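Biologist: Hi! Could you walk me through this one? I have a few quick questions.

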Amino acid sequence: MELLKVENVSKIYGTGDNEVKALDNVSFTVEKGEFVAIIGPSGSGKSTLLHMLGGVDAPTSGKIFVEGVDLGCMDESKLSIFRRRQVGLIYQFYNLIPILDVQENITLPLLLDGQKPDSAYLDELIGTLGLKERLHHLPSQLSGGQQQRVSIGRALIMHPALVLADEPTGNLDRKNSEDIISLLKKSNRKYRQTLIVITHDESIALQSDRILYLEDGKLTGRY
Ligand SMILES: Nc1ncnc2c1ncn2[C@@H]1O[C@H](COP(=O)(O)OP(=O)(O)OP(=O)(O)O)[C@@H](O)[C@H]1O
Ligand SMILES: [Mg+2]
């Protein structure tokens, strides 16, 4: 079953002399439960693409369908429910809420959705993320790698159908990276989540079902 369909998506930032074509006519589909890695040089449009798949930014032209629904046809309130319930977005630069502690940041999507945390799952997540000793610390009191792990917890807490991770191990050492990737893969299999990971790490890309290569805003390779 097709979970995601990207149809001729382009994104242009700025106007006139400042115009940047960040994505140029990108098309692909992803099946439910698939694990896809996106690789490509810095500035090739990887984060731009991921933000559009997660409904946090809109294409200049083209369409994105998630479970057959055109994101471009959703109004802002539908889109915010979509982002909260169906998407777990792990940002390259974390985007944690500075005034909330670790536990509050992780459970924020549940709170916004009027749900109570499943304490067994929350404990499991916090344990795997190695954050047990940091639950009541603020983001400013954490290392980069710890903040990255909090953002992963926040992305997984709702069991979203689509997990989008932008360099989720960019600030972690080898051991921590392997733990995080195995957590994402376990979640991908257990909940049949579709997992899309941007990475510069070849060993992560090679664990995926499929690799998409972006260059200058264009999809130039599929492996
Ligand atoms: N808000 C913005 N306004 C203007 N240009 C932007 C904006 N966001 C991104 N760009 C430009 O779009 C292009 C793609 O950026 P993007 O962040 O998607 O690259 P990336 O592949 O994620 O790079 P990296 O590997 O360094 O994270 C770059 O040339 C960038 O300068
Ligand atoms: Mg990026």
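Predicted model: local features only at pLDDT ≥ 70, side-chain atom pairs only at ≥ 80, totals over all residues.

Biologist: Thanks! Where is Val56 found?
Modeller: Val56 sits in the loop between H1 and strand S4 (61-66).

Biologist: And which residues is Val56 in contact with, leaving aside neighbours within four places in sequence?
Modeller: Those contacts are His51, Arg83, Leu89 and Tyr91.

Biologist: Switching to the metal: what coordinates the magnesium ion (ligand 2)?
Modeller: Ser47 through OG and Gln92 through OE1, at 2.0 to 2.3 Å.

Biologist: Where do Ser47 and Gln92 lie in the chain?
Modeller: They come from distant parts of the chain, 45 residues apart. Ser47 belongs to helix H1 (residues 46-53), while Gln92 is in the loop between strand S6 (87-90) and helix H3 (102-112). Gln92 counts as partly exposed because its relative accessibility is 28%.

Biologist: Nice. Now the helices: at what angle do H4 and H6 pack?
Modeller: Helix H4 (residues 119-128) and helix H6 (residues 174-190) pack at about 150°, and their axes are 11 Å apart. The angle is over 145 degrees, so H4 is roughly antiparallel to H6.

Biologist: Which residues meet there?
Modeller: From H4, Tyr121, Glu124, Leu125 and Thr128; from H6, Leu183, Lys186, Ser187 and Lys190.

Biologist: How many of the residues in that contact are nonpolar, polar and charged?
Modeller: The contact of H4 with H6 has 3 nonpolar, 2 polar and 3 charged residues.

Key
Residues numbered from 1 in each chain as written. Chains lettered and ligands numbered in written order. Heavy atoms only, no water. Axes fitted to C-alpha atoms, helices over the stretch in contact; angles between N-to-C directions. Helix = DSSP H or I, 4+ residues; strand = E, 2+ residues; numbered from the N terminus. Parallel < 35°, antiparallel > 145°, perpendicular 65-115°, else oblique. Contact = heavy atoms within 4.5 Å. Nonpolar A, V, L, I, M, F, W, Y, C, P; charged D, E, K, R; others polar. Donors = N, O, S within 2.8 Å, 3.2 Å for Na, K, Ca; no water. Buried < 20%, exposed > 50% of the residue type's maximum accessible area, 1.4 Å probe, protein only.
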